[in-house]
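Reader: I am new to this structure. Please take me through one part closely, then set it in its surroundings.

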Amino acid sequence: MDVKAVDKVYVGNINVAARRARELLLGKLKLGDVIDWATTFSLWPVHLLTSCCGAEFAATWSPRFDAEQYGALPWVAPRQTNFIIIEGTVTRKMACALRITYEQMPHPKFVIAMGACALDGGLFYNSYNIVRPWEVVPVDVYIPGCPPPPEAVARAIIDLRRKIREKKLASRWLIEGWRHDRDPVKPADDVCKWWRP
Amino acid sequence: MVLETILYLIAYPPLWQVLILGFVGALLVAMVAIWFERKAAARVQRRIGPYWASPRLGGFMIIVADMIRYVTQQVIIPTTVDKIAFLLTPVAVLVVTILPLAFIPLSPHELYWPVASMEYSLLIALALTTLPPLLTVVLGWASSNKFSVIGSLRESYVITAYELVAVLAILAPAASTLSFNIVYIVEAQQPVKWLAILNPLAFLAAFLAVLMSTSAFPFEIPESEHEVVAGPYTEYSGILYALNMGGGYIRRFIYAIIIALVFLGGWAPYTPGLDPFTGFIIPSLIVLVKASIVVLVMSFLRAVYGRYRLDQALDAAWRLALPLALLGLGWSIILAYMNLI
Amino acid sequence: MKPEELLELLKHALGGLAKEVTVRKGYVEVLVDADSVVPVANKLKELGFDHVKSVTATDYPKESKIRVTYHVSSYLREDLAKPILGLSVDLPRDNPVMESLTGVWRSSEFQEREVYEFFGVTFRGHPDLRPLLLIPELAERRVLRKDFVVKEESIYEGVPHRYQ
């Protein structure tokens with residue numbers, strides 16, 4: 001096919017049209033900033049409760065520490081959310097659920113690992129039955145503490161927002177189709193080997 | 001001359017009807033309803049609610065941010081779905097939802113609103129408002145997910161019970177004014193003989209049925225979070241989910257417009273003039289403000305009431321709401337017989 | 001009901017079925033053979049003990065036995081619910097097999113699965129004997145027996161460089 005003809009939108013090549021529209025909207029019109037801004041104020045966490053950090057997660061959205069003022073609204077279904085808070089220990093069975101939940105979420109998606117157990121085992125260090133969340137999903141922000149207070153969770157959300165704004169994570173996903181600052185983690189061993197639907 | 005041309009262009013009925021009112025207005029009202037819902041629930045629970053995106057607007061920009069995020073998010077199409085139905089149904093839901101607006105006159109003059117002199121406009125509008133739930137059943141089935149199927153089954157149960165009540169209760173004004181023409185019904189209520197005051201039973205039944213059949217938030221039985229994940233919309237992500245969610249709010253808004261017209265007097269204390277400004281813009285704005293108040297009251301109920309189970313809702317439909325609607329219909333006939341309206 | 005009264009009641013009711021009935025600090029323990037556990041459980045149920053509070057096991061490597069203990073209690077009779085009653089079975093450590101008590105008390109089903117995966121005790125007649133909390137390959141290693149050794153990890157070992 002003639003290159004010149006392909007380069008013009010009115011030839012009817014939908015890929016070229018899509019690329020041009022993307023360049024116009026994200027490059028010239030700086031729509032990427034708007035998308036990043038929108039993503040920072042619309043971080044809806046999915047509620048993956050694995051252990052006692054869930055109580056602190058609930059307290060973060062309770063009347064005293066109201067995290068909804070940052071636009072974060074806890075949501076149940078992973079399909080409509082864009083970030084996930086891993087609330088505590090991830091056992092080997094829960095790793096499969098975590099990976100499935102992560103795969104169900106649409107891009108751009110972010111992960112916060114909450115609590116000492118999610119960092120490096122915490123109370124369950126040297127246990128036979130835990131995995132680290134970074135072996136299963138790419139983690140953006142860690143919250144230390146056992147369990148972390150609600151202020152720390154709100155602080156982590158603000159940190160995640162700053163990270164999205166500075167590194168332009170949401171709009172770069174639109175441009176590049178993948179996040180290059182975090183390598184896509186493929187679990188070393190199949191976390192869902194014990195369960196086959 | 002120039003001003004007249006511009007005014008005519010602005011007030012050109014199809015433009016106002018479909019573009020400005022249909023899409024922009026309905027979208028705006030849906031966003032305000034969502035914002036008010038979140039904010040009111042937060043204030044009732046002594047929280048702040050959406051705030052930091054735009055403190056002066058009370059966090060309204062957070063809803064805009066949600067919308068932009070949904071539009072630019074990835075759209076996941078699972079491999080097991082029926083692709084054509086899965087992709088086309090949300091669009092069809094939105095189109096069919098907006099369709100009744102074409103038959104709801106917001107101005108008494110045929111010049112500005114071509115269907116104003118049409119008989120049976122109330123019947124046609126009501127018939128069209130009952131279409132979108134069928135498409136909800138279709139999209140639940142197309143998702144090929146058990147939560148979707150259960151959710152759409154619940155939707156079909158609820159609409160079977162409550163659409164009947166809604167139609168009966170909203171047809172009560174037609175019985176008392178002896179006409180299906182919305183403009184005639186509105187003019188009969190001039191100036192303050194509002195049917196919500198004269199016939200509170202039918203108004204209550206209509207309000208309750210609209211609340212239930214559009215699955216407004218305290219009664220969101222089809223998409224209850226705790227039982228079926230997101231109901232019929234479980235598999236939808238990104239812009240398709242935004243279309244579905246917006247469709248629900250727009251449907252509630254259209255019901256609210258009908259209620260504002262036939263029960264709350266439409267543009268009633270105001271007598272429309274003949275030129276575009278006094279004859280068209282002011283009456284339609286009055287109707288929209290009344291409808292918005294109805295929608296906001298519905299949104300506020302989220303923070304106050306708990307959710308009914310499916311069996312309780314159906315029980316309330318057949319044992320409470322249907323007799324209420326029939327009583328309202330009887331009351332309307334008595335009103336018409338005694339020439340009270 | 002005092003534990004001593006319960007002890008007398010049990011001695012009278014069970015007769016020769018129980019190997020040993022003891023009371024110590026308010027805890028009544030009925031020790032039975034693996035063969036007679038189902039008749040004893042039926043007798044206890046006739047007495048009014050209608051549910052199992054917990055099923056647990058203790059590993060004795062030196063004596064080469066595993067003791068499975070059912071803590072049973074009663075919802076319907078309040079006086080029976082006050083003392084703690086344990087129904088214990090001694091099993092050989094190399095091949096621990098016993099009759100399942102799910103036929104008597106349905107509430108022991110999940111807890112027997114837990115004992116199965118952590119100690120390797122096989123319950124005959126259990127409706128669904130699968131690992132409950134662990135993945136299958138971990139359950140085969142009988143992780144709560146005392147000869148299971150956890151691999152020691154040093155601090156800051158596992159974090160890959162790209163995550164620092």
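Reader: Which are the buried residues of helix α8 (residues 169–176) of chain A?

Author: First, the ground rules. This is a predicted model, in which local features need pLDDT of at least 70, side-chain atom pairs count only at pLDDT 80 or more, and totals for chains, interfaces and linings use all residues. Residues are numbered from 1 along each chain as its sequence is written, while chains are lettered from A and ligands numbered from 1 in the order in which they are written.

Now the helix. In α8(A), the buried residues are A:Leu169, A:Ala170, A:Ser171, A:Arg172 and A:Trp173. A residue is buried if 20 or more other C-beta atoms lie within 10 Å of its own, exposed if 12 or fewer, and partly exposed in between, with C-beta atoms placed from the backbone. Helices (H or I, at least four residues) and strands (E, at least two) are DSSP runs, numbered from the N terminus. The cover over the buried residues of α8(A) includes α2 (14–28), α3 and α7 (150–167) of chain A. Just past α8(A) comes A:Gly177, with a positive phi of about 80°.

Step back to the chain. Chain A holds eight helices and four strands. Their order from the N terminus is α-α-α-β-α-β-α-β-α-β-α-α. Buried residues make up 43% of the 197 residues of chain A. Take the contacts in chain A with a separation of 6 or more: 79% of them join residues 24 or more positions apart. Two residues are in contact if their C-beta atoms, placed from the backbone, lie within 7 Å.

Two pairs of chains are in contact, and chains A and B share the most contacts. Chain A brings 21 residues to this contact and chain B brings 28. On the side of chain A, helix α3 (residues 31–40) gives the largest share, five residues. By class, that side has eleven nonpolar, seven polar and three charged residues. Here Ala, Val, Leu, Ile, Met, Phe, Trp, Tyr, Cys and Pro count as nonpolar, Asp, Glu, Lys and Arg as charged, and the others, Gly among them, as polar.

The largest nonpolar core has 152 residues, and B:Ala169, B:Ala206, B:Ala209, B:Phe253 and B:Ile259 touch the most other members. Such a core is a set of buried Ala, Val, Leu, Ile, Met, Phe, Trp, Tyr and Cys residues joined through C-beta atoms within 7 Å. Helix α11 (residues 239–262) of chain B gives the most to this core, 17 residues. Leaving aside residues up to four places away in sequence, B:Ile259 touches B:Ala206, B:Val210, B:Leu264 and B:Val294. Another core, of 30 residues, lies apart from the largest one; C:Leu6, C:Met98, C:Leu101 and C:Val121 are among its members.

That brings in chain C. Chains B and C do not touch, and their nearest C-alpha atoms are 24 Å apart. In chain C, five strands form an open sheet of mixed pairing, in the order β1-β2-β5-β4-β3. Its edge strands, β1 (20–24) and β3 (51–60) of chain C, each pair on one side only. Strands pair if DSSP finds at least two bridges between them. Between β1(C) and strand β2 (residues 27–32) of chain C there are five bridges, in the antiparallel sense. One bridge joins C:Val21 to C:Val30 in β2(C).
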